[in-house]
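Subject: Structure for you to look at

Hello,

I am handing over the structure below, with notes on what turned up in it. Please keep it open while you read.

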Amino acid sequence: MINIRDRGAELWENWNRPKRTTFVILLLAVIVLLPFAGDYSFSSFLNTPISSYQAVLVYPVGIFVLMSLGLNIVVGKSGLLDLGYVAFFAIGAYTAAILGTKTHLNIWEIMPIGMGLAMLSGVLLGLPTLRLRGDYLAIVTLGFGEIVRIVAVNNRATGGPNGIANVPNPPSIFGVRFALDNMQGFFWIILVMILLVIWMVRRLSIRRPGRAWEAIRQDEDVAMLMGVATLKYKIWSFSIGAAIGGAAGVIFASKSMYVAPDMFTFNISVLILSCVVFGGMGNIWGVVLGGTILAYLPERIRFISNARQLVFGLALVIIMNVRPDGLLPRKKREKLHKTVQPLAVEGEQNV
Amino acid sequence: MRLEIKDLHVFYGKIEAIKGISITVNQGEIVTLIGANGAGKTTMLKTISGLRPVASGQILFDGKDISKVPAHERVGLGISQAPEGRGIFPGMTVLENLEIGKYFRKERKSEMVEDLEKVYSLFPRLKERATQAGGTLSGGEQQMLAIGRALMARPKVLLLDEPSMGLAPMMIANIFRIITEINNTGTTILLVEQNAQQALQRAHRAYVLETGHVVKEAKASDLLNDPAVRAAYLGTGAANH
């Protein structure tokens, strides 16, 4: 099987600056114009039957990619299995719904509050639970995801099972209007958020936090021996992931204009985790690809109705068997030197 | 530098692994802890480096009790461990492994280059393998990497956990030669070993551990000739005496 990731990286490294810039601009232009692609005959194969194509680009595609990038920091970068990521999405969404309907704050003003609350809940959940490892953490986070949903069902402030309607759309910026009949506005703003997250993750990855996360993921005890404050960095990873989930929730509530508890089921946590694993844990481009495909595909094949989930599941199983590390796995450094130097020490053995 | 452990007790759940051990490591020494499996050797090192909590007793480092200091801060004090089973980062390159050994020092470029050179001169193999993933190294090379990475922290005392484990005899001799070399440059070493023969030949003093207790403490050379120790740990007991 050809290694797409290495081929891509090789190609990129061989390009000079103007070539790279041109490529990035072209790619961005194509993505920015995606909402219109459904209208033309040459690209109409992208159109989703039954659901509105432009709406699908926003949710699930855009939101899933954004959330996958957030979860990737937690699962892919630091190796913490979070099965309740939907909780942060819900906290962001309910913050937008409650503040948007009860106060005069607009969505842009609510955004930092939603992210902050999600982040805070990440820290509060992380402080006691991130001392746990592996399976225990997965189970506690799974429980947290359910708790948030059940609180929303049983609380008057969150509208109980009926949820909250009439969440306002965001006011326009730079002449871009955000409304139910103008979904490309939402798509573009989510695109901006995705680019910001990618930029941030790439910067963090090559700096101290990124190296700390990498060490924690590979061996937490040894990381501690190297002087990595493991609990601190795990909480950072957890809460940055939470903030991104919260941001996705705010935009989602404002786009749907409505939130209800059944939008925030365990299902979403699993789907986002699938996006990360399917695309390639720890690799940003893999995760973007994974999120895009897993969000878009079920909508695209909606015409086969009930068989849809079966086909989707089958595709997942097959691809994970063929590419167990995901579509675009993280960089692997297994380049063995072919020319073995004469042994300085003889008689050593591999154990 | 003086590391003094007083009446240390450590538990795994309800099982007491260390039952009141007191040991001292003085500046410039190689001190070795020998003993069979389950004697508590590795637990001793893990407790000194902070991976296991202290139930009671003291760990005095230069006179200060550090038993409540979190593990990640102890390396900054000058205690650095090469963990058991060559706990290197398999997915990082050799160079990245070495660099992270300096993590707590917040990157001083000149120091980094200087210390890398020192480690490379001790272990030329690591320089050849610098861009290779840690997980692809041979057992002996991984052990070199674990020791080299611990040295990157410029430790006052170096804790070595079974450096000979799973290595071929030639490699073991080589590793022990380098341990002496490191000690000659002024680094104090606390060495845990099952290979008592090699450890006692290299060390100045030794403690014999049995099921969580110190049963014997002596100069290493004396223990090498001690009939009871020879019988129990050196496999050359009754037949020769």
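Contact here means heavy atoms within 4.5 Å. The model is predicted, and the values in this message are computed from it.

**A glycine between two helices**

By that cut-off, and not counting residues up to four places away in sequence, A:Gly282 touches A:Asn72, A:Gly76, A:Lys77 and A:Arg330. A:Gly282 sits in the loop between H11 and H12 of chain A. Its relative accessible area is 9%, so A:Gly282 is buried. The C-alpha atoms of A:Gly282 and A:Ile73 are separated by 7.4 Å, although the two are 209 residues apart along the chain.

**H3 and H12 of chain A**

Two packed helices are described by the angle between their axes and the distance between the axes. For helix H3 (residues 53-77) and helix H12 (residues 284-300) of chain A, the angle is about 150 degrees and the axes are 8 Å apart. The crossing of H3(A) past H12(A) is right-handed. On the side of H3(A), the contact is made by A:Val56, A:Pro60, A:Val61, A:Phe64, A:Val65, A:Ser68, A:Leu69 and A:Asn72. H12(A) contributes A:Ile284, A:Val287, A:Val288, A:Gly291, A:Thr292, A:Ala295, A:Tyr296 and A:Glu299. By class, the residues of this contact are 11 nonpolar, four polar and one charged.

A:Leu294 also belongs to helix H12 of chain A. With 3% relative accessibility, A:Leu294 counts as buried. Leaving out residues up to four places away in sequence, A:Leu294 touches A:Ser274, A:Cys275, A:Phe278, A:Phe312 and A:Leu316.

**Backbone points to check**

Most residues other than glycine have a negative phi, and most peptide bonds are trans.

- The peptide bond from A:Tyr59 to A:Pro60 is cis, with omega near 10 degrees. A:Pro60 is in helix H3 of chain A, and is one of the residues in the contact with H12(A).
- A:Met257 has a positive phi, near 65 degrees, and is not a glycine. A:Met257 is in the loop between helix H10 (230-256) and E2 of chain A. Its relative accessibility of 24% makes A:Met257 partly exposed.
- B:Glu162, also not a glycine, has a positive phi of about 50 degrees. B:Glu162 is in the loop between strand E7 (157-161) and helix H7 (169-184) of chain B. At 5% relative accessibility, B:Glu162 is buried.

**Aromatic rings**

A search of the whole structure gives 16 aromatic pairs over all chains. A pair of aromatic rings is described by the distance of the centres and the angle of the planes.

For A:Tyr94 and A:Phe264, the centres are 5.8 Å apart and the planes are at 50 degrees, so this pair is tilted. The pair links distant parts of the chain, 170 residues apart: A:Tyr94 is in helix H4 (residues 86-102) of chain A, and A:Phe264 is in the loop between strand E2 (258-259) and helix H11 (266-279) of chain A. A:Tyr94 is buried at 7% relative accessibility, and A:Phe264 is buried with a relative accessible area of 2%.

The pair of A:Phe178 and A:Phe186 is edge-to-face, at 5.5 Å centre to centre and 65 degrees between the planes. A:Phe178 is buried, with a relative accessible area of 6%, and A:Phe186 is buried at 0% relative accessibility.

One aromatic cluster is formed by A:Tyr59, A:Phe64, A:Phe89, A:Tyr94, A:Phe252 and A:Phe264. Of these, A:Phe64 is also part of the contact of H3(A) with H12(A).

A:Val140 lies in helix H6 (residues 135-154) of chain A. At 29% relative accessibility, A:Val140 is partly exposed. Leaving aside neighbours within four places in sequence, A:Val140 is in contact with A:Leu125, A:Thr129 and A:Leu132. A:Val140 and A:Val222 are 82 residues apart in sequence and 25 Å apart in space, C-alpha to C-alpha.

Regards

Notes:
Residues are numbered from 1 along each chain as its sequence is written. Chains are lettered from A and ligands numbered from 1 in the order in which they are written. This is a predicted model: local features need pLDDT of at least 70, side-chain atom pairs count only at pLDDT 80 or more; totals for chains, interfaces and linings use all residues. Side-chain values use heavy atoms; hydrogens and water are left out. Axes are lines fitted to C-alpha atoms, for helices over the stretch in contact, and angles run from 0 to 180 degrees between N-to-C directions. Helices (H or I, at least four residues) and strands (E, at least two) are DSSP runs, numbered from the N terminus. A crossing is left-handed if the near helix is turned anticlockwise from the far one by less than a right angle, and right-handed if clockwise. Ala, Val, Leu, Ile, Met, Phe, Trp, Tyr, Cys and Pro count as nonpolar, Asp, Glu, Lys and Arg as charged, and the others, Gly among them, as polar. Rings of Phe, Tyr and Trp (its six-membered ring) pair if their centres lie within 6.5 Å; planes under 30 degrees apart count as stacked, over 60 as edge-to-face and the rest as tilted. Buried means under 20% relative accessible area, exposed over 50%, partly exposed in between (1.4 Å probe, protein chains only).
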